[in-house]
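Visitor: Hi! I'd like a quick tour of the next model, please.
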Amino acid sequence: MEPTIQQLRQDLISASRILSDQKLVKGFGHISARIARSDHFVMTPRISLAIVKEDDLLTMNLAGEVVEGRRPAPFEAWLHTAIMKAKPEINAIARVHALVANMFSVTDRKLEPVHNHGSFFSGGVPVFSTPDLISTQALGEEVAKTLDDSPAVLLRGNGQVTVGKSIPEAVMMAIYLEEAAQILYGALQIGKPIPLTPDESTQRQREALSPVDMERAWDYYKSQIESRSL
């Protein structure tokens, strides 16, 4: 069942808190979700995800215009419009700044999977080689091309973008991306990493992307932020 606009807004706030709690964003970062059967999407404004409120959320169109909301749009809103226009199957986009994953964007070492949740990044995570902020439509379109069919793209020296068919999926891809980077980085310190084969990755993805397990992971991270707010 397609989520209502109200559900999208609530989930965006949960996603914002989860990404902050996991230290994947601090003062900067944003997340968006497509409104079903429309050319509009809901998006966090130019406010830290740790403190954004539901009333702060924006509704934007694919031309990059704010159609509802009083806050300024993120400087990199073009990133979201370009990906959503190029990839209609993508319904949510997270723009994060994970530390270890960022290391792989500024070296010639490919971030490739070596553990189960890393299987989503089979073949290695693509890198957008321009270090500029994605402040124009043209740059957004180039990022969308670099992303291709991957669930994530590294922005050289400038964080990461993860995508999904839903808000929970885009958030979990951000969490799994940093986990994959941490495990690969650790493996490099003690020996030669053994990447998952394409067949191994396919099997692990099939298991981890099941609706039951995606909901299980999302519910866990939501429970963590909710328990701290009590």
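Predicted model: local features only at pLDDT ≥ 70, side-chain atom pairs only at ≥ 80, totals over all residues.
Visitor: Where is Asp148 found?
Guide: Asp148 sits in the loop that runs between helix 4 (137-147) and strand 7 (152-155). Helices (H or I, at least four residues) and strands (E, at least two) are DSSP runs, numbered from the N terminus. Residues are numbered from 1 along each chain as its sequence is written.

Visitor: What's the phi of Asp148?
Guide: Phi of Asp148 is near 55 degrees, a positive value in a residue other than glycine. Most residues other than glycine have a negative phi.

Visitor: And how accessible is Asp148?
Guide: Asp148 counts as partly exposed because its relative accessibility is 48%. Buried means under 20% relative accessible area, exposed means over 50%, and partly exposed is in between (1.4 Å probe, protein chains only).

Visitor: Which residue with a positive phi follows helix 1?
Guide: That's Lys23, with phi near 60 degrees. Lys23 belongs to the loop between helix 1 (5-21) and strand 1 (30-34). Lys23 is exposed, since its relative accessible area is 61%.

Visitor: How does the length of helix 1 compare with what it should span?
Guide: It agrees: the 17 residues of helix 1 should span 24 Å at 1.5 Å a residue, and the end C-alpha atoms are 24 Å apart. The expected span is 1.5 Å times one less than the number of residues.

Visitor: What covers the buried residues of helix 1?
Guide: The cover includes strand 1, strand 2 (40-43), strand 5 (92-96), helix 5 (167-190) and helix 7 (211-228). Among the buried residues of helix 1 are Leu8, Leu12, Ile18 and Leu19, and also Arg9 and Asp11.

Visitor: Switching topic, is Ile83 buried or exposed?
Guide: Ile83 is buried, because its relative accessibility is 0%. It is part of helix 2 (residues 77-86).

Visitor: What is Ile83 in contact with?
Guide: Leaving aside neighbours within four places in sequence, Ile83 is in contact with Ile90, Ile93, Ala144, Leu147, Val161 and Val163. Contact means heavy atoms within 4.5 Å.

Visitor: Is Asp56 buried or exposed?
Guide: Asp56 counts as buried because its relative accessibility is 6%. It lies in the loop between strand 2 and strand 3 (58-61). Not counting residues up to four places away in sequence, Asp56 touches Pro45, Ile47, Ile51, Arg70 and Arg71.

Visitor: Zooming out, how many helices and strands does the protein chain have?
Guide: There are seven helices and eight strands. Of the 230 residues, 49% count as buried.

Visitor: How does the radius of gyration compare with that of a compact globule?
Guide: They agree, because a compact globule of 230 residues would have a radius of gyration near 17 Å and the protein chain has 17 Å. The radius is taken over C-alpha atoms, and the globule rule is 2.2 Å times the number of residues to the power 0.38. Along its principal axes, the C-alpha trace spans about 50 × 40 × 30 Å.

Visitor: What about contacts between residues at least 6 apart in sequence: what share join residues at least 24 apart?
Guide: In the protein chain, that share is 66%.

Conventions. Heavy atoms only, no water.
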